[in-house]
Amino acid sequence: MGFVEIGIVWFISSWLVFFPLVSRGTVTQEEDGHVVPGSEASAPIDHQLPKKALWAIAGGALFTFLFWLGMVSGLFAQFIDLIDYTNR
């Protein structure tokens, strides 16, 4: 697995971790009970995007490491060998 493949796996897995985190723990103005005049009631008070981005980067790195470990150890090759392609 080269650096390009590692980068691709990390990029995709980071986004897959980030998307569920975006709405987690976000409090809207309406839920807080104080809506600023001229703004949307569903606007977040504190979105915590930098913290969520760090979690996504770390989660993507962990998933990428586990994927790399599966590739290097030959675990995925064992799964592919279990598939019988002769009956198609």
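This is a predicted model: local features need pLDDT of at least 70, side-chain atom pairs count only at pLDDT 80 or more; totals for chains, interfaces and linings use all residues.
1. Confidence. The mean pLDDT over the chain is 87, and 92% of the residues reach at least 70. Helix H1, residues 3–22, has the highest confidence, at 94. The lowest is in helix H4, residues 75–81, where the mean is 76.

2. The nonpolar patch. A nonpolar patch on the surface has about 1100 Å² of accessible area together. Its members are Val 4, Ile 8, Trp 10, Phe 11, Ile 12, Trp 15, Leu 16, Phe 19, Val 22, Leu 54 and Ile 57. H1 and helix H3 (49–73) are the elements that give two or more residues to the patch. The largest share is that of H1, with nine residues.

3. Ile 8 sits in helix H1 and belongs to the nonpolar patch. Ile 8 counts as partly exposed because its relative accessibility is 47%, between the cut-offs of 20% and 50%. Trp 15, also listed in the patch, lies in helix H1. Its relative accessible area is 38%, so Trp 15 is partly exposed as well. From Trp 15 to Trp 68 the C-alpha separation is 18 Å, across 53 residues of sequence.

4. Ser 14. This residue is placed in helix H1, the element that supplies nine residues to the patch. Ser 14 itself is buried, because its relative accessible area is 8% and the limit for that class is under 20%. A polar atom of the Ser 14 side chain lies 2.8 Å from the backbone oxygen of Trp 10. Not counting residues up to four places away in sequence, Ser 14 touches Ala 56, Ile 57 and Gly 60. Of these, Ile 57 is also listed in the nonpolar patch.

5. Arg 24. The loop between H1 and helix H2 (29–32) holds Arg 24. Arg 24 is exposed, because its relative accessible area of 62% is over 50%. Arg 24 and Val 9 stand 15 residues apart in sequence, with 24 Å between their C-alpha atoms.

6. Thr 28. Which class does Thr 28 fall in, buried or exposed? Thr 28 is in the loop between H1 and H2, and its relative accessible area of 18% makes it buried, because the limit is under 20%. The side chain of Thr 28 reaches the backbone nitrogen of Glu 31 at 3.2 Å. Leaving out residues up to four places away in sequence, Thr 28 touches Ala 41, Ser 42, Ala 43, Pro 44 and Ile 45.

7. Ala 41. With its neighbours within four places in sequence set aside, Ala 41 is in contact with Thr 28, Gln 29, Glu 30 and Val 35. Ala 41 has a relative accessible area of 24% and is therefore partly exposed. Between Ala 41 and Val 17 there are 27 Å in space, C-alpha to C-alpha, for a sequence separation of 24 residues.

Note on methods. Residues are numbered from 1 along each chain as its sequence is written. Side-chain values use heavy atoms; hydrogens and water are left out. pLDDT is the predictor's confidence in each residue, from 0 to 100. Helices (H or I, at least four residues) and strands (E, at least two) are DSSP runs, numbered from the N terminus. Buried means under 20% relative accessible area, exposed over 50%, partly exposed in between (1.4 Å probe, protein chains only). A polar contact is a pair of N or O atoms within 3.5 Å; within protein, one must be able to donate a hydrogen and the other to accept it, and residues adjacent in sequence count only if both atoms are side-chain atoms. Contact means heavy atoms within 4.5 Å. Patches are made of residues with over 30% relative accessible area and no salt bridge: like charges are joined within 9 Å, nonpolar side chains (Val, Leu, Ile, Met, Phe, Trp, Tyr) within 5 Å. Accessible areas come from the Shrake-Rupley method with a 1.4 Å probe; for residues, only the protein chains shown count as cover. A salt bridge is a side-chain nitrogen of Lys or Arg within 4 Å of a carboxyl oxygen of Asp or Glu.
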